[in-house]
Amino acid sequence: MAKVSVLNVAVLENPSPFHSPFRFEISFECNEALADDLEWKIIYVGSAESEEFDQILDSVLVGPVPAGRHMFIFQADAPNPSLIPETDAVGVTVVLITCTYHGQEFIRVGYYVNNEYPNPELRENPPLKPDFSQLQRNILASNPRVTRFHINWDNMDRLEAIENQDPTLGCGLPFSCAPIKGLGLPGCIPGLLPENSMDCI
Amino acid sequence: MKLLKPTWVNHNGKPIFSVDIHPDGTKFATGGQGQDSGKVVIWNMSPVLQEDDEKDENIPKMLCQMDNHLACVNCVRWSNSGMYLASGGDDKLIMVWKRATYIGPSTVFGSSGKLANVEQWRCVSILRSHSGDVMDVAWSPHDAWLASCSVDNTVVIWNAVKFPEILATLRGHSGLVKGLTWDPVGKYIASQADDRSLKVWRTLDWQLETSITKPFDECGGTTHVLRLSWSPDGHYLVSAHAMNNSGPTAQIIEREGWKTNMDFVGHRKAVTVVKFNPKIFKKKQKNGSSAKPSCPYCCCAVGSKDRSLSVWLTCLKRPLVVIHELFDKSIMDISWTLNGLGILVCSMDGSVAFLDFSQDELGDPLSEEEKSRIHQSTYGKSLAIMTEAQLSTAVIENPEMLKYQRRQQQQQLDQKSASSRETSSAASVAGVVNGESLEDIRKNLLKKQVETRTADGRRRITPLCIAQLDTGDFSTAFFNSIPLSGSLAGTMLSSHSNPQLLPLDSSTPNSFGASKPSTEPVATTGARPAGDTVSKDSVNATSTPAASSPSVLTTPSKIEPMKAFDSRFTERSKATPGAPALTSVTPTAMERDVHRQVVVVKEESLHSILAGSDMTVSQILLTQHGIPVMNLSDGKAYCFNPSLSTWNLVSDKQDSLAQCADFRSSLPPQDAMLCSGPLAIVQGRASTSGRQAARLFSVPHVVQQETTLAYLENQVAAALTLQSSHEYRHWLLLYARYLVNEGFEYRLREICKDLLGPVHYSTGSQWESTVVGLRKRELLKELLPVIGQNLRFQRLFTECQEQLDILRDK
């Protein structure tokens, strides 16, 4: 069962000029104190064509995390315009907020972002080379796309260390982690067992 | 009678396996399938009962949705008090839920329908023990036990007061156990399984009372569930799927003698669920009729795989009503409202139906007092009216015990009133915390937010805690998360602050002096690295099967930019590894041969020990009583026991026992955990103890208990070897308290016997009246109030007290 769940992400200062920093206020809940920090990243997708145009705007560690509900503000600088393909600069793209624990990504929040010229003249006749200083960024905050993944929350290293130290410990305390069927691969559907359809009319 | 099928109660078309109405009648829970997981949903009852409420858009229909189960949920059951909800699923887990309160936004973030959770339900306990799908759960009449049955052929009885403790595992079935029901008097629990038997178990000793097989001879395992039911007056137990002359029936079993003479006949396919109306009825008194005392009767609903529902009264030979083809698929569960006039039925086709009866149709329900009176007159004591959780002798035989018990209860009452006072004052705070509203907090957040840099230069933010995890309390705290100071430097303490242990650096004249230089050669004689030589399979950085992604991204048509991005939302970045296949770790056991050279404590000289080929002696200390203690580099500490002339291990930093011991509940509230003394110093701040305790919920409780016991016993023995009386007393009391809490009578008796010694003079007795300078009998006197807190030990308490009195009078 996930120890951390995201309660809300508020997009601050939106819409805003292209060059202004991204500011998200993230509230999350943690069921029990975490041994290590959470790592949050903001990724700007430069172009839908390939991931090589992704820019990790910032990556931050959040911690220590005791049990309870917490909030923090994640601020990251605007993306580097020179890394964005010209054809994709104006229009719709995506910004992602991901969080990983022990290097495993367990949540991904995505927003559509619309970059366009507020100036009607420029909108009608857009310059060939996008003028980022004139571009306005509008994040579709009302429609976050959230995907959760099952991960292993326990501290496997320490558990293994214990196993090694005292192999004579009784019945070999089964340090199996929570029975994660399906191992969090999206698309894997545990539980749709044929026995449920034992009943047939 | 009215029938309603509310279409808004659904799991998006997926089957609903269980339904249960809350005891207060305001809500009900359904359990079934969800998206990639099991789903438990709590619904509002009033839109089902009143049409106006259903039409009113302001009245929420769905109260809360929980997707925590990893697989389909088979059963949801409210506790009799209504405080908890238990859910059992195909993921072998039982989750116990409690209502949580929180001030703030309560929407389920990111859900497609913008679902708002009107209520918050939090999982307070996950019960792991079954090795197969959990098919049914049932709360005992007084909510002290929770029973669960599973396809692993067992029934597990959980201690509902102290989750996740297991009281008993009932083994006896040789097939999948698919249904459970408690006797309303509390004397039995019945279970039905695919092995064509219905077994009744005694709650007194959790042994089998009887196994009934005759009515099930011709049965096959054709149903998903076999939910049986016991009548509220305790007289009848009705099974699910039974066969009589090749016709499916529901067998009626009488309590006296477990006779199987009657059954409910009529359904065309196997009976899946039987549920008795919680009320006992008596015939409606017509005005003017003679006051003929009518026999009370019960009402029972039967649901079947033939998709029809029948409702019976035990005073009639024919059913009250039969509804055919109520659903498209088999009926899975039935739940009565507590007032006895409504039924909710759910089916595998994913819908529910609600039947509303009137008193004219069913009869006059008896009140609870009348029901208890029936129980009393028929059965004597009934669990349903008993309030004590302890079922062993409830009679207190000793006035002293009574005094301790009363004191304990008073303490609990005080605590409760103190906390309730807090909550009532805090309850008035709604959205305003510490004088600031959440809005102001947000505005100031960036200023207040604590940011630091880690060692490798990365930005690190300390999140602001806006609420503590709460289940029912309103205590909200508003503070910057305090960094966990787990790693107190506990290994070596400087000598200056502590007169108790003298490091041997100072040239104090003692028996160690001369041998100091000889400790050097200990250091490096071995080549083996002191570390874990664990060879484990490397965590495969398996990225998620992103096979689908390239095809989507290759044609990023500008016309549909949204589609192109969809995969970015749902796939993990390739860099992060997927959940590693739980690695098969092959730990190489560390064989440490401890070669010891025996030390003889002579007047002046001392030969140090050679401990292992790779350890270095990091420090040598001397206690007040002249006991030498060696701290080694691998975290172990040995002390010399002069009487045995051996080195005893007193502390091991990596002792898994210490880490797994869970005796927190035995700590007295007043005493600080820190008991100063040489043992505590040597072991360092025992911050590691109990740390792993919380992680061991996958371990059977018995193992947890044993490790804790072993750890505590070690501590007592270590304190003894170090001759530290203060700590010996501390650990002994702690150990005794743990024994009392967990109910280990034998060991407790041993301790008491040892402390008491012979009451009458006898030659040849080897008992010493003192241990490490403390008088044993004084220790026993201190122990008595601790023992007095557990009613189970009142015999022991009485015995010890009498003996002490005899001694005192002598």
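**Close-up views of a predicted model**

View 1. The coordinates shown here come from a predicted model. Over residues 127–159 of chain B, the chain is 61% strand and 0% helix. The end C-alpha atoms of residues 127–159 of chain B lie 11 Å apart. Residues 170–201 of chain B are 59% strand and 0% helix. Here the end C-alpha atoms are 8 Å apart.

**View 2. Helices H12(B) and H13(B) cross at roughly 140°.** H12 spans residues 725–742 of chain B, and H13 spans residues 745–756 of chain B. Their axes come within 9 Å. Angles over 145 degrees would count as roughly antiparallel, so H12(B) and H13(B) are oblique to each other. The crossing is left-handed.

**View 3. Residues at the contact of H12(B) with H13(B).** H12(B) contributes Leu732(B), Tyr735(B), Ala736(B), Leu739(B) and Val740(B). They meet Arg747(B), Leu748(B), Ile751(B) and Leu755(B) of H13(B). By class, the contact residues are eight nonpolar, one charged and no polar.

**View 4. Confidence along chain A.** Mean pLDDT for chain A is 77, with 76% of its residues at 70 or more. Strand S4 (residues 38–45) of chain A has the highest confidence in the chain, at 93. Helix H3 (residues 156–165) of chain A has the lowest, at a mean of 44. Across residues 158–201 of chain A, pLDDT is below 50. Beyond near neighbours in sequence, this stretch has 106 contacts in the model. Where pLDDT is low, predicted coordinates should not be read in detail.

Terms used. Residues are numbered from 1 along each chain as its sequence is written. Chains are lettered from A and ligands numbered from 1 in the order in which they are written. This is a predicted model: local features need pLDDT of at least 70, side-chain atom pairs count only at pLDDT 80 or more; totals for chains, interfaces and linings use all residues. Side-chain values use heavy atoms; hydrogens and water are left out. Axes are lines fitted to C-alpha atoms, for helices over the stretch in contact, and angles run from 0 to 180 degrees between N-to-C directions. Helices (H or I, at least four residues) and strands (E, at least two) are DSSP runs, numbered from the N terminus. Angles under 35 degrees count as roughly parallel, over 145 as roughly antiparallel, 65 to 115 as roughly perpendicular and the rest as oblique. A crossing is left-handed if the near helix is turned anticlockwise from the far one by less than a right angle, and right-handed if clockwise. Contact means heavy atoms within 4.5 Å. Ala, Val, Leu, Ile, Met, Phe, Trp, Tyr, Cys and Pro count as nonpolar, Asp, Glu, Lys and Arg as charged, and the others, Gly among them, as polar. pLDDT is the predictor's confidence in each residue, from 0 to 100.
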